[in-house]
Structures are given as C-alpha cells and as structure tokens.
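Subject: Structure handover

Hi,

Here is the structure for you to look over. My notes follow below it.

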Amino acid sequence: GALLRKGFNFSSWRIEGHLPFGLFMGSLCFYHLAEYLLVAYYNPTMLSIDSFLVQQEYVCAMAFSCCEYFLESYFFPGLKGWAV
C-alpha cells in the first residue's frame with residue numbers, strides 16, 4: 001500500500017517531468033498487490049511471500065529499467081515526459 005501511494009505521489013511531480021514514470025510505478029505496485037490479494041482470496045492455503053511473483057531476475061530487470069529511465073531523463077530530458 002505504501003509503495004502504491006509512493007508511486008502515485010511520484011507521478012504528481014509534474015514540474016520535473018516524471019509523470020509517466022510515477023504512473024508506471026504506481027500501476028506496477030497496484031498490479032503486484034492485486035495479484036497477492038487475489039491469491040489470498042481464492043487460494044489462501046497457497047498464500048506466501050512467493051505469491052507476489054517477484055523473482056531476482058524480475059527485480060534486476062526493473063532496477064535496470066529505472067536506471068535507464070533516470071539516465072535518459074538526465075542526459076536527454078526532451079525524450080521523457082509528456083508535452084502539456
């Protein structure tokens with residue numbers, strides 16, 4: 001829940017042009033929270049921390065994508081954000 005709120009709070013930083021990234025992170029947190037809650041509701045006997053379906057490879061890929069986003073936004077700021 002806190003990560004979901006943090007992602008959508010990040011999307012409110014329109015001045016710095018990170019609205020798409022904040023919406024992406026908030027949506028990603030919502031997706032993983034929803035899948036965990038669905039397992040809890042429909043199959044509570046199988047519920048564990050593994051129900052988040054977040055493996056090491058996934059975390060590495062997301063970390064690299066976040067690094068890529070911020071490096072591109074630093075070196076090529078015109079490529080990131082939405083024109084308002």
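Cys 67 is partly exposed, with a relative accessible area of 44%. The cut-offs are these: buried is under 20% relative accessible area, exposed is over 50%, and partly exposed is in between (1.4 Å probe, protein chains only). Areas come from the Shrake-Rupley method with a 1.4 Å probe, and for residues only the protein chains shown count as cover. Cys 66 is buried, at 18%.

How many disulfides does the structure hold? It holds zero. Cys 66 is in no disulfide, and its nearest cysteine sulfur is that of Cys 67, 7.1 Å away. A disulfide here is a pair of cysteine sulfur atoms within 2.5 Å.

**Before you use it**

This is a predicted model: local features need pLDDT of at least 70, side-chain atom pairs count only at pLDDT 80 or more, and totals for chains, interfaces and linings use all residues. Residues are numbered from 1 along each chain as its sequence is written, and side-chain values use heavy atoms, with hydrogens and water left out.

The average pLDDT (the predictor's confidence in each residue, from 0 to 100) is 77 for the protein. Of the residues, 74% score at least 70. Among the elements, H3 has the highest mean, 88. Helix H1 (residues 2–10) has the lowest, 57.

**Overall layout**

The protein has three helices and zero strands. Helices (H or I, at least four residues) and strands (E, at least two) are DSSP runs, numbered from the N terminus. The pattern along the sequence is α-α-α.

There are 84 residues, and 21% of them are buried. The protein exposes about 6600 Å², with carbon and sulfur atoms supplying 69% of it. Take the contacts (heavy atoms within 4.5 Å) between residues at least 6 apart in sequence: 41% join residues at least 24 apart.

**Helix H3**

H3 covers residues 56–75, which is 20 residues. From first C-alpha to last it reaches 28 Å, close to the expected 28 Å at 1.5 Å a residue. The expected span is 1.5 Å times one less than the number of residues.

Which residues of H3 are buried? They are Met 62, Cys 66, Tyr 69 and Ser 73. They lie on the same side of H3, because they cover an arc of only 60° around the axis. That arc is taken from the directions from the helix axis to the C-beta atoms. An α-helix has 3.6 residues a turn, so residues three or four places apart point the same way.

The cover over the buried residues of H3 includes H2. The face turned away from the buried side carries exposed residues: Gln 56, Glu 57, Phe 64, Leu 71, Tyr 74 and Phe 75.

H2 has 24 residues and reaches 34 Å from its first C-alpha to its last, close to the 34 Å expected. Its buried residues are Leu 19, Phe 21, Gly 22, Gly 26, Leu 28, Cys 29, His 32 and Glu 35.

His 32 lies in this helix, residues 19–42. Its relative accessible area is 11%, so His 32 counts as buried. Leaving aside neighbours within four places in sequence, His 32 is in contact with Phe 52, Leu 53, Val 54 and Tyr 58.

Asp 50 sits in the loop between H2 and H3. Asp 50 is exposed, with a relative accessible area of 59%. Asp 50 and Tyr 36 are 14 residues apart in sequence and 9.0 Å apart in space, C-alpha to C-alpha.

Best regards
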